[in-house]
Amino acid sequence: MKKEPQTAMLGHGYHAADYHGSMKQPIYQTSTYEFPNSQAGKDYFAWATGKEEMPDGAKMGNIYSRLGSPNTQLLEQRLAVLDETEDALVFASGMAVISATMLELATPNTVVLYTAPVYGGTHSFIDHYLHKYGVIHHVVEHDKSAEEVVADVKAAYPGLLVSAFFTETPANPTMDLYSVKKARKIADALGSEEHPVPVVVDNTYLGPTMSRQHENGADIVVYSVTKNLAGHSDVIAGAATGKTAWINRLRVARTFIGGILGPMDSWLILRSLETYTLRIAAQQKTTHEVAAALALHPAVKEVRYLGNLEQWSPEQAAFFKDEYQGTGSMIALHIHGDESAAFKVLDHLKVFRLGVSLGSTESLAEHPYSMTHSKVDDPIKLKLGITEGLIRLSIGLEASSDLIDDLNRSLDTII
Ligand SMILES: Cc1ncc(COP(=O)(O)O)c(C=O)c1O
């Protein structure tokens with residue numbers, strides 16, 4: 001029986017009777033597992049590596065915690081349910097899942113398409129790191145039609161295969177939106193049955209239930225679980241979700257690259273998921289109130305917030321209604337002034353905490369130009385709207401009145 005996400009996050013995949021009646025899954029703090037006998041060890045390896053099919057009725061055992069543990073497995077089952085897809089895989093960080101995914105998909109002399117901006121680490125990984133392995137990257141502009149993108153790519157790279165279409169939407173930190181339905185169309189036009197082009201979506205900013213990107217045509221959805229899913233600024237983690245065929249490819253990459261999540265961190269995230277839907281609903285409501293108040297302050301040039309899409313292009317506003325289910329807890333706040341004005345505002349905040357990351361219980365503020373996106377070249381940042389006057393806000397669980405007072409008081413210092 002299919003259950004609502006808030007119910008599934010409490011019980012899906014867990015049977016207390018298998019764990020001595022423990023209401024919560026115990027933490028399997030072990031690196032390796034003892035096999036009942038040599039034949040079982042041989043079988044587990046043959047099944048785990050795909051060398052042999054598991055016979056009907058056979059029971060897989062644990063091997064070694066780099067391949068998985070009961071804690072990662074339960075977390076993966078819950079994440080797959082939450083993202084309404086077949087399978088999931090957890091990693092030691094958001095960058096671990098993004099780098100493993102790209103290394104698995106992108107081979108030398110193929111083209112990775114991606115939209116900009118993306119998180120600074122992803123940008124550096126694709127532009128500078130993948131480049132070392134002969135992977136070509138091509139930035140897809142938001143306002144080009146699917147047909148124009150396909151024509152541009154075919155003309156620019158005749159005879160080369162496209163290995164992935166990567167998009168981060170909403171994008172960190174500008175909140176630009178890219179239609180995943182459009183990405184699907186482009187990927188299908190550039191791929192073939194023999195070489196399908198996977199659409200990879202970084203859905204960290206909104207997260208499952210607020211943005212159901214598998215429905216829109218994504219093959220692999222990646223997360224910095226560090227953010228909304230873990231939600232308490234106390235763990236670094238990543239995940240990929242999707243159809244089993246794609247996830248199994250990433251499973252092989254994870255085994256060899258080795259960036260799996262540990263048992264304790266998996267357990268912490270299982271605990272976080274129990275309150276996920278409640279937290280994001282409360283944070284979304286507060287964000288709405290904070291965004292409305294910010295728009296009234298004279299030091300504010302623009303409040304970019306998904307609950308009010310007036311500043312977005314008509315195309316982005318139109319597909320938002322079709323492709324998204326929530327507005328989230330992020331605000332891109334553009335103030336009148338440069339870096340010194342932004343720093344003045346940030347340094348006067350007392351309730352907001354000055355720090356990177358997002359999606360946590362405490363509200364966070366940072367300066368993307370000099371912090372999260374500092375490694376992106378200045379002309380590119382300016383072209384993308386990452387200016388010195390941009391402050392990124394992540395709204396937590398404090399009272400909206402306290403957050404609004406804090407922002408107003410700090411913004412008053414620059415008028
Ligand atoms: C959108 C997005 N993707 C990926 C990452 C990387 O995640 P992690 O820090 O967990 O490696 C971040 C981190 O800020 C992010 O904001």
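In β12, A365 has L393 as its bridge partner. Helices (H or I, at least four residues) and strands (E, at least two) are DSSP runs, numbered from the N terminus. This is a predicted model: local features need pLDDT of at least 70, side-chain atom pairs count only at pLDDT 80 or more, and totals for chains, interfaces and linings use all residues. Residues are numbered from 1 along each chain as its sequence is written.

Back to that bridge. Strands β11 (residues 364–366) and β12 (residues 390–394) pair in the antiparallel sense over three bridges; two strands pair if DSSP finds at least two bridges between them. Both belong to an open, mixed sheet of five strands, in the order β8-β9-β12-β11-β10. At its edges are β8 (300–304) and β10 (353–354), each pairing on one side only.

Next, the ligand. It is surrounded by 15 residues, the closest being S93, G94, Y119, S224 and T226; near means a C-beta atom, placed from the backbone, within 6 Å. The elements giving two or more residues to this shell are α4 (94–105) and α5 (120–129).

Last, the core. The largest nonpolar core has 105 residues, and F91, V112, F165, A239, I269 and I331 have the most contacts inside it. Such a core is a set of buried Ala, Val, Leu, Ile, Met, Phe, Trp, Tyr and Cys residues joined through C-beta atoms within 7 Å; buried means 20 or more other C-beta atoms within 10 Å of a residue's own, placed from the backbone. Helix α4 gives the most to this core, with six residues.

Key. Buried ≥ 20, exposed ≤ 12 C-beta atoms within 10 Å, placed from the backbone.
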